Amino acid sequence: MHALRASVQITTRPADTPPTEAELAELVPGHDAVLCQLTEPMSRMVLEAGAAAGLRLVSQVAVGLDNVDLAACADLGIAVAHTPGVLTDATADLTMALLLAAARRLPEAERYLRAGRWDVWSLDLMAGLELRGAVLGIVGLGRIGQAVAARARGFGMRICYASPRRAPSDVEASLQAEWLPLDTLLARADVISLHVPLSADTHHLLSRARLGSVKDGAILVNTSRGGLIEEATLADALQTGPLAFAALDVFEEEPRVHPSLLDRHDVLLVPHIGSATRATRLRMAQLATDAVLDFAAGRPLQHPAR
Ligand code: NAP
């Protein structure tokens, strides 16, 4: 805010609750740029209202852009900037935290101890999944997918991935990663981790049918976007198997979590904190601010949306 105030005129909106689409359509017109977060619905209606009154830039404090209608931005000549790269490590770290917690049954083990049920050490107490040799299936081997794969290699996991295009051979070689069709990956992976952007193509990528076709006992980790999973059917998939556990940072209708998941012990739920380290959040804010300042000064954007 200090950096912005020094160079451009700004209007702010209190951040206690996200604005509605109708509110944004009133607020945005008259501004050259909008600096927004994933909670703001930058829909065609909002963008058209803005473009009619001068809007030329949307600068998003996130890498995912599923709340921004990119087609409308292209039609209306509105540039879009986002914050790729600076949040890769933090998000990959949280993915590993969820993966480890799920594999080693940490939520269940902690509940067991706190409930006073631990009376003796035993050989099979809370026995979980051994990571060395287990198969990690990465869906979307982009920046974060690769960072998760590199971490998982350190734990001795075997990597396979599904992606529309095959990764460069040096990436495959360094991660010893095998490219598989999504359905083969789902049948083979002990842990499935989602790292694709949410779009019309990937909405409900893990449909009810696909959730029912995973390897017996599989763990599902999602730190990408909730809409990738048909969330209303997840509890059923866990109840009937073969899916054994889901560790979720993101949800279809945040901050609402599907009620069928809330009282289950085979899910681990955290409130969209993938990039939430102090250093990363500061770097994200800096990049989004830089985009506004570059735009105001007529310089090219450093991180335009593709
Ligand atoms: P990225 O580098 O663009 O990687 C996305 C990868 O997904 C690309 O390799 C892309 O392939 C691939 N892909 C696209 N469609 C696919 C499909 N249908 N099936 C399989 N793979 C597909 O993005 P990133 O920086 O890794 O970020 C990934 C996502 O993480 C973001 O979009 C965001 O939603 C999420 N995220 C969440 C948090 C959090 O706080 N939880 C934080 C940061 C990011 P191509 O390049 O060939 O298209």
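**Ligand shell and cavities**

Visitor: Which residue has a polar backbone atom 2.9 Å from an oxygen atom of the ligand?

Guide: This is a predicted model, where local features need pLDDT of at least 70, side-chain atom pairs count only at pLDDT 80 or more, and totals for chains, interfaces and linings use all residues. Residues are numbered from 1 along each chain as its sequence is written, and side-chain values use heavy atoms, with hydrogens and water left out. The 2.9 Å pair, with a ligand oxygen on one side, has its polar backbone atom in Arg-143.

Visitor: What lies 2.8 Å from a nitrogen atom of the ligand, as a polar side-chain atom?

Guide: Thr-223 puts a backbone N or O atom 2.8 Å from a ligand nitrogen. The polar side-chain atom at 2.8 Å from a ligand nitrogen belongs to Asp-249.

Visitor: How much of the ligand's accessible area does the protein cover?

Guide: Take accessible area by the Shrake-Rupley method with a 1.4 Å probe. On its own the ligand has 930 Å², and the protein's cover comes to 85%.

Visitor: Which helix gives the largest share of the lining of the largest cavity?

Guide: Lining residues have an atom within 4 Å of a point, and among them here are His-82, Asp-290 and His-303. Helices are DSSP runs (H or I, at least four residues), numbered from the N terminus. With 4 residues, the largest share comes from residues 278-296, helix H13.

Technical notes: Polar contact = N/O pair within 3.5 Å; in protein donor to acceptor, adjacent residues only side chain to side chain. 1 Å grid on protein atoms, 1.4 Å probe; cavity = no way out; pocket = protein on both sides within 12 Å on 5 of 7 lines; lining within 4 Å. Helix = DSSP H or I, 4+ residues; strand = E, 2+ residues; numbered from the N terminus.
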